[in-house]
Amino acid sequence: MSLSTALSIAQSALMNTARQTSVVSRNVADASNPDYSRRQAIVTSTAPGARSVDIQRVTNDLLFRQNLSALSAWSGQNALFSGMDQLGVAVNGVDNASSPSSAIANLQQALQLYATSPSNQNLGASVIDAAKQVVRSLNEGSKAVQDFRTQTDDQIATAVDDLNSLLSQFQDANTAVMTGTRSGNDVSDALDQRDALLKKISNYVPVSTFTRGDNDMVITTGDGTTLFETIPRTVSFAASAGYTAGAAGNAVYIDNVPISAGAGGNTSASGTLAGLLQLRDGVASTMQSQLDETARGLITAFAETAPSLPNKTGLFTWSGTPAVPAAGTLVNGLAASISVNAAMDPSSGGNPTLLRDGGANGAAYVANTGGASYSTLLIAYGDRLDQPMTFDPAAGVSAMSSVSDYAANSIGWFEGVRQQASTASDAKEALASRSAEALSNATGVNVDQEMSLLLDLEHTYQASARMMKTVDDMMAALLNAVG
């Protein structure tokens, strides 16, 4: 080997070592970046005695796909669980203190006291006050549900805007990857950016990907709808200004294909959008139906009856009409329109004794034949609250139960779904965390490993430097000998 060849090899080794050191330094600098994939500086031989450094990005497609799937599942579950927490407090209060069930229980107690002393007008006024609290719980609960649906609608609109923005950013990153691949440049940073955007996109919708020539990536949703191919597909949604009971919410479309809402406490929703749709059109709508059915049950239980005459509303009325709603049939918005009959409300000039005696709908409906000690009708009203009646099964609670049980079962239904959502949220969060950890272990940076590699490179640098020093000494000796 000639001295010039030895010197060239030493110089090449120093340059390669410098490049490897730069890669290791970059790895250490980005060790805390969860979207950074470790770089490897691979030394390859290009000719006898010559070597070059090829920088490669560490990847694991299987773990990356598993992580995307876990992120989508957790995002959908978390959207459902956190939303249910807010909805439960808004409608029923903390520990269900302001729920219709609690208000109905207080009404039953007030009725029982009034029945033991039907001549006591103060006890009669207390029953009317308790009935007003029942009405408030239903009116305010209904408003809270529809306000919640409107707020969820706004969240959906925001999520759709964010998703469209991410897809636009993905197009830029994908173009950078393709351009760099065609020109033979290092595209590691662009690939990191593209993968980071995929993770963010998977929070909104489940994604599946495949790569074509020049590293061009195509994204589809879990059901095969194209989300990105060369250009982003449009994600569209028309938000509603407000909601009323029974009103359906607008769908979210990806390339004119609607997104399906999730179902169940351990929701099938994958991605935030499906979870929000389930909240708005599933959980909240069902809760509204149960409030409406509770209101219908109360109106029916306190209806005034008379021989050969139709039943008419008694203590509770709705929309200003004396007609009692049809049995077993949901009336959308009934909880929002239920009110205490003005004929019995002292604050409206009414007389509470009409509850004891009957007659809010005229003399034909008067039942009292025992004077001030008459309690038969009061006892009957209390019994009706505990007697089974038919409810619409579409509301999601037992179709045959008493009004008081129905209101309690409504809370039970909600808490049951919420508990399932909580348990599933913890499990899916753990899975997302474990999959991210596994991906990081496979493709992320281990600082200890990098520092050890840096020591090896330092030794390599020292060896190359000694080789150059030896060649320099030999050349100097040769020149001295010639001179």
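Q: Why are H2 and H10 called roughly antiparallel to each other?
A: In this predicted model, H2 and helix H10 (residues 403-443) pack at an angle of about 150°. Angles over 145 degrees count as roughly antiparallel, so that is the term for H2 and H10. Their axes are 7 Å apart, and H2 passes H10 in a left-handed crossing.

Q: What makes up the contact of H2 with H10, by residue class?
A: The residues there divide into 21 nonpolar, nine polar and four charged.

Q: Why does serine 72 count as buried?
A: Good one to check by eye: serine 72 is found in helix H2. Its relative accessibility is 1%, and buried means under 20%, so serine 72 counts as buried.

Q: Which residues does serine 72 touch, leaving aside those up to four places away in sequence?
A: Serine 72 touches Ser202, Val205, Pro206, Val207, Ser270 and Gly271. Touching here means heavy atoms within 4.5 Å.

Q: Why is aspartate 255 called partly exposed?
A: The relative accessible area of aspartate 255 is 34%. Buried means under 20% and exposed over 50%, with partly exposed in between, so aspartate 255 is partly exposed. You will find aspartate 255 in the loop between strand E8 (253-254) and strand E9 (257-258).

Q: What is the phi of aspartate 255, and what is that of asparagine 96?
A: Phi of aspartate 255 is near 55°, a positive value in a residue other than glycine. For asparagine 96, phi is near 60°, again positive in a non-glycine residue. Asparagine 96 lies in the loop between helix H2 (61-92) and helix H3 (100-116).

Definitions and conventions: Residues numbered from 1 in each chain as written. Predicted model: local features only at pLDDT ≥ 70, side-chain atom pairs only at ≥ 80, totals over all residues. Heavy atoms only, no water. Helix = DSSP H or I, 4+ residues; strand = E, 2+ residues; numbered from the N terminus. Buried < 20%, exposed > 50% of the residue type's maximum accessible area, 1.4 Å probe, protein only. Axes fitted to C-alpha atoms, helices over the stretch in contact; angles between N-to-C directions. Parallel < 35°, antiparallel > 145°, perpendicular 65-115°, else oblique. Left-handed = near helix turned anticlockwise from the far one by under 90°. Nonpolar A, V, L, I, M, F, W, Y, C, P; charged D, E, K, R; others polar.
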